[in-house]
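Here's a quick, friendly tour for anyone meeting this structure for the first time. Take a look at the picture, and then we'll walk through it piece by piece.

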Amino acid sequence: MLVILLGAPGAGKGTQAEMIVERYKLTHISTGDILRASIKKETELGKQAKDYLDKGELVPDEVVVKIVEERLKEPDCQAGALLDGFPRTVEQAKSLEEVLEGMQRKIDYVIYIEVTEDELISRLTGRRICRDCGATYHLKFNPPQVRNVCDQCGGELYQREDDSMETVKQRIKVYREQTEPLIEYYRRKSLLHAVDGDQDINKVHQQLQEVLDNNSRSEGV
Ligand code: AP5
Ligand code: MG
Ligand code: ZN
């Protein structure tokens, strides 16, 4: 099974991805996570990508397409994968189709998590992440038991550099211009399933489950 999670910055893609991959035994592929890991390790890719992430701009299509292509060919993706934050442009979507065709695979579901802009901003500016295991928290909506300490591993929590108000606004702008056209793109292909992301984490998860569990129908938005 191949699932794409589509949604604005802060829509809850990563949060929902963690819950879904466990239940459906999929491999989670987040291009954002891969890029941040490369930046941390100071690899060639990381050096190329850093400026784009810092500014809230998209990394060039050919760079991310190559990352995803290589990742999808790894054995742990054979049974199924969940793409989080990719594709993000129509160009990337077209390249993904070519890659999948070459592998004789196809997209099963594109799930669009729809969230209002004010909510996106408060989710992103209040987000905290564990330095050691990557678990995601929110100061108000999903706080850790002990301030600044990860419930799962005791690691220290930090704020992503691109979660400052200024960069958040730029990321949302870039999303509107370059990623939002994908909603229509996938709707036309009858692959799109929209869920209301303005609800609490468990309710959103329930809706995603409904899509993945009984799926004969695609919905537009
Ligand atoms: P990426 O890491 O993908 O960031 P993003 O798309 O901006 O999305 P986020 O990770 O910020 O949000 P999310 O939807 O995962 O939300 P989360 O679950 O964490 O990309 C970063 C950068 O990398 C890009 O700007 C670009 O430069 C580059 N890049 C990546 N992919 C690329 C591509 N394909 N092409 C080109 N460039 C690329 O939730 C957010 C917060 O809200 C958390 O605190 C969480 O606890 C909370 N929360 C989640 N759900 C709920 C809920 N239902 N109710 C209340 N709070 C909630
Ligand atoms: Mg994410
Ligand atoms: Zn942790």
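A residue is called buried when its relative accessible area is under 20%, exposed when it is over 50%, and partly exposed in between (1.4 Å probe, protein chains only).

## Before you start

This is a predicted model, in which local features need pLDDT of at least 70 and side-chain atom pairs count only at pLDDT 80 or more, while totals for chains, interfaces and linings use all residues. Residues are numbered from 1 along each chain as its sequence is written, chains are lettered from A and ligands numbered from 1 in the order in which they are written, and side-chain values use heavy atoms, with hydrogens and water left out.

## The whole chain

Let's begin with the big picture. The chain has nine helices and eight strands; here helices (H or I, at least four residues) and strands (E, at least two) are DSSP runs, numbered from the N terminus. Its radius of gyration is 17 Å, close to the 17 Å that the globule rule gives for 221 residues, so the chain is as compact as a globular protein of that length. That radius is taken over C-alpha atoms, and the globule rule is 2.2 Å times the number of residues to the power 0.38. Along the principal axes, the C-alpha atoms fill a box of roughly 45 × 40 × 35 Å.

How much of the chain is buried? Buried residues account for 46% of the 221 residues. Contact means heavy atoms within 4.5 Å, and among contacts between residues at least 6 apart in sequence, 71% join residues at least 24 apart. As for charges, the mean positions of the 32 positive and 40 negative ones are 1 Å apart. Lys and Arg count as positive and Asp and Glu as negative, with His and the chain ends not counted; each charge is placed at NZ of Lys, CZ of Arg, CG of Asp or CD of Glu.

## Strands around β3

Now for the strands. Two strands pair if DSSP finds at least two bridges between them. Strand β1 (residues 2–6) runs parallel to β3, with four bridges joining them, and Leu5 stands opposite Asp84 in β3. Strand β2 (residues 27–30) also pairs with β3 in the parallel sense, over four bridges; here Ile29 sits opposite Leu83.

In a regular strand the side chains alternate between the two faces of the sheet. Which residues cover the two sides of β3? Ala81 and Leu83 lie on one side, Leu82 and Asp84 on the other, and all of them are buried, leaving both faces covered.

## Other strand pairings

Strands β4 and β8 pair in the parallel sense over five bridges, with Glu114 standing opposite Asp196 in β8. Four of the five residues of β8 (residues 192–196) are buried, so this strand is largely enclosed by the rest of the structure.

There's also an open sheet of three strands, in the order β6-β5-β7, with antiparallel pairing. Its edge strands are β6 and β7, each of which pairs on one side only. Strand β5 (residues 127–130) pairs with β7 over two bridges, in the antiparallel sense, and Cys130 is opposite Leu157 in β7.

Is His205 buried or exposed? His205 is buried, with a relative accessible area of 12%, and Gln209 also counts as buried, at 17%.

What do they touch, leaving aside neighbours within four places in sequence? His205 is in contact with Gln16, Met19 and Ile20, whereas Gln209 is in contact with Arg23 and Tyr24.

Most residues other than glycine have a negative phi, and most peptide bonds are trans. A few spots here go another way. A cis peptide bond, with omega about -5°, joins Phe86 and Pro87; Pro87 is in the loop between β3 (81–84) and α5 (90–102).

Gln104 isn't a glycine, yet it has a positive phi of about 55°. You'll find Gln104 in the loop between α5 and β4 (109–114), exposed at a relative accessible area of 75%. Asn148 isn't a glycine either, and its phi is positive at about 65°; Asn148 lies in the loop between β6 (136–138) and β7 (157–158).
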